[in-house]
Amino acid sequence: MHELAIAQSIVEQVEEVARSQGLAKISTIRLRIGALRAVVPEALEFGFEVLSQDTPLAGARIVIEEIPIRITCHECGAISSPEPGLAWLCPACGSAVVEMTSGKELQLDSLEVED
Ligand SMILES: [Zn+2]
């Protein structure tokens, strides 16, 4: 269950921010997660709930923005979004010389604080 490991790292990051900025209570945590990470939001939320007990994050809402997979073609420069699991070819020119430019994100986007 890799969501637990992801939740752990998010809790640590947010705790660090809360400590350094003196935030007493976090109400919302916004994350950007790439589609390639294949994160199950419910599993992530569950892991978070367990791990955030007795921290300033306890009870915070998790908002996940899923970032689609995007590939950029090296031949013609076209940017496209392939379906996960399919061969990655440029839909404009058919080239297989493509580079993934998004889809692996795992970022803390922003925090909202309770007054
Ligand atoms: Zn192309």
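The model is a predicted one, in which local features need pLDDT of at least 70 and side-chain atom pairs count only at pLDDT 80 or more, while totals for chains, interfaces and linings use all residues. Residues are numbered from 1 along each chain as its sequence is written, and side-chain values use heavy atoms, with hydrogens and water left out.

The zinc ion comes first. Its protein donors are Cys 73 (SG), Cys 76 (SG), Cys 90 (SG) and Cys 93 (SG), which lie 2.3 Å from the ion. Donors here are N, O and S atoms within 2.8 Å of the metal (3.2 Å for Na, K and Ca), and since water is not among the atoms, sites may look incomplete. The angles among the four donor atoms run from 106 to 116 degrees, making the site tetrahedral (for four donors, all angles between 85 and 135 degrees). Along the chain, the donors follow the spacing C-x2-C-x13-C-x2-C. Cys 76 sits in the loop between strand E3 (70-73) and strand E4 (79-80), and Cys 90 in the loop between E4 and strand E5 (98-102), so this pair ties together parts that are 14 residues apart in sequence. Helices (H or I, at least four residues) and strands (E, at least two) are DSSP runs, numbered from the N terminus. With a relative accessible area of 43%, Cys 76 is partly exposed, whereas Cys 90, at 4%, is buried. The cut-offs are under 20% relative accessible area for buried and over 50% for exposed, with partly exposed in between (1.4 Å probe, protein chains only).

Over in helix H1 (residues 2-21) there is Glu 3. Glu 3 is buried yet has no salt bridge, and Arg 37, the nearest side chain of opposite charge, is 11 Å away. A salt bridge would take a side-chain nitrogen of Lys or Arg within 4 Å of a carboxyl oxygen of Asp or Glu; for charge, Lys and Arg count as positive and Asp and Glu as negative, with His and the chain ends not counted. What the Glu 3 side chain does reach is the backbone nitrogen of Val 40, at 2.8 Å. Leaving aside neighbours within four places in sequence, Glu 3 is in contact (heavy atoms within 4.5 Å) with Ala 38, Val 39, Val 40, Ala 43 and Leu 44.

Ala 38 turns up again for its backbone: although not a glycine, it has a positive phi of about 50 degrees. Ala 38 is found in the loop between strand E1 (26-34) and helix H2 (41-51), and counts as exposed at 53% relative accessibility. Asp 54, not a glycine either, has a positive phi of about 65 degrees. Asp 54 is found in the loop between H2 and strand E2 (61-67) and, at 81% relative accessibility, counts as exposed.

How values were computed: A polar contact is a pair of N or O atoms within 3.5 Å; within protein, one must be able to donate a hydrogen and the other to accept it, and residues adjacent in sequence count only if both atoms are side-chain atoms. Four donors count as tetrahedral if all angles lie between 85 and 135 degrees; four count as square planar and six as octahedral if opposite donors are over 155 degrees apart and all others between 65 and 115; anything else is irregular.
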